[in-house]
Amino acid sequence: MMLGDFVSDVTVQRWLNAAKCADRNWLHLDPNAMRKCYNCRPFVLQHELHRHPKFGFLPLFKLCRRLPKQSVKVRVGNVPVDTDFDRSLDVYNNGMGLDDAISELAERQAYIVINNPELDPEYRTLIEGFMGEIALAILPFDEQLNWYSTYVFISAKGSLTPYHMDREMNFLLQICGEKRVQLWNPDDDRVMSPAMQ
């Protein structure tokens, strides 16, 4: 099952119009960094999502309960680094349900992934606003967006995400706590062979 949605030029234009009229920006996308690095190499950006009321634990837990069951997955957070990423949500949940993961997040060292929170009406406009900010930032130098997918990860301290490859260009926005991210050069054949690209 493919997560995300293709978007038309009409949709992107609607996002752009909304971004131009927005009262504030939640993402601080430096024009020079975007022009130099967008879709080529990692770069650091600032954001203010930690200030948005929809990204607190309680609203996110309510979102988990509103979305269809298949949109919210849980597993224990402490998994071997070489675990098959795609299977980790099935193999390492130890019979834990959503309510267990929410109520015992730290004790169970739980990890919750919310796939496509934009499916929820309360979050759709908000996330489309972020997409409009990105679309506006890339407009001077790149073609318009044609596909998007968003995810929210809630994890206990010490959780580990297994090695994996994101085939799409993405933004990782840490909202609360600390996260160490290790990136590899996709142009290095020792890391990823041409057959995998």
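**Figure 1. Pairing of strands β5 and β7 in the predicted model.** In β7, Tyr-151 is the bridge partner of Asn-115. The structure shown here and in the following views is a predicted model. Strands β5 and β7 run antiparallel and are joined by 5 bridges. Along β7, the side chains alternate between two faces.

**Figure 2. Strand β5 and its pairing with β4.** Strand β5 is also joined to β4 by 5 bridges, and these two strands run antiparallel. Within this pairing, Arg-75 has Tyr-111 of β5 as its bridge partner. How many of the 6 residues of β5 are buried? The count is 6 of the 6, so β5 is largely enclosed by the rest of the structure. Both faces of the strand are covered. Ala-110, Ile-112 and Ile-114 are buried on one side, and Tyr-111, Val-113 and Asn-115 are buried on the other.

**Figure 3. The loop residue Asn-116.** Asn-116 lies in the loop between β5, residues 110-115, and α6, residues 121-138. Is Asn-116 buried or exposed? Its relative accessible area is 6%, and Asn-116 is therefore buried. The side chain of Asn-116 makes a polar contact of 2.9 Å with the side chain of Glu-118. When residues up to four places away in sequence are not counted, Asn-116 touches Leu-3, Gly-4, Ser-149, Thr-150 and Tyr-151.

**Figure 4. The largest nonpolar core.** This core has 42 residues. Those with the most contacts inside it are Leu-60, Ile-112, Ile-114, Phe-130, Leu-145 and Ile-154. At least two residues of the core are supplied by each of α1, α3, β4, α5, β5, α6 and β7. Which of these elements gives the most to the core? Helix α6 does, with 9 residues. A view of Ile-154 shows its surroundings: leaving aside neighbours within four places in sequence, Ile-154 is in contact with Phe-57, Leu-60, Phe-61, Leu-105, Ala-110, Tyr-111, Ile-112 and Ile-114.

**Figure 5. Helix α6 and its packing.** The 18 residues of α6 should span 26 Å at 1.5 Å a residue, and the end C-alpha atoms are 26 Å apart, so the two values agree. At the start of the helix, a side-chain oxygen of Asp-120 reaches to within 3.0 Å of the backbone nitrogen of Glu-122. The buried residues of α6 include Tyr-123, Leu-126, Ile-127, Phe-130, Ile-134 and Ile-138. The buried residues of α6 pack against α1, β2, α2, α3 and β6. Thr-125, also found in α6, has a relative accessibility of 62% and therefore counts as exposed. The C-alpha atoms of Thr-125 and Ala-18 are separated by 9.9 Å, although these residues are 107 residues apart along the chain.

**Figure 6. Val-12 in helix α1.** Val-12 is found in helix α1. At 1% relative accessibility, Val-12 counts as buried. Not counting residues up to four places away in sequence, Val-12 touches Val-7, Ala-135, Gln-144 and Leu-145. Val-12 and Glu-128 are 116 residues apart along the chain, yet their C-alpha atoms are separated by 9.2 Å.

**Figure 7. The cysteines Cys-37 and Cys-40.** A disulfide is a covalent bond between the sulfur atoms of two cysteines. The closest cysteine sulfur to that of Cys-40 is in turn the one in Cys-37. The count for the structure comes to 0 disulfides. Cys-37 is buried, with a relative accessible area of 9%, whereas Cys-40 counts as exposed at 56% relative accessibility.

Technical notes. Residues numbered from 1 in each chain as written. Predicted model: local features only at pLDDT ≥ 70, side-chain atom pairs only at ≥ 80, totals over all residues. Heavy atoms only, no water. Helix = DSSP H or I, 4+ residues; strand = E, 2+ residues; numbered from the N terminus. Buried < 20%, exposed > 50% of the residue type's maximum accessible area, 1.4 Å probe, protein only. Polar contact = N/O pair within 3.5 Å; in protein donor to acceptor, adjacent residues only side chain to side chain. Contact = heavy atoms within 4.5 Å. Core = buried A, V, L, I, M, F, W, Y, C linked by side-chain atoms within 4.5 Å. Pairing = 2+ DSSP bridges. Expected span 1.5 Å × (residues − 1). Disulfide = S-S within 2.5 Å.
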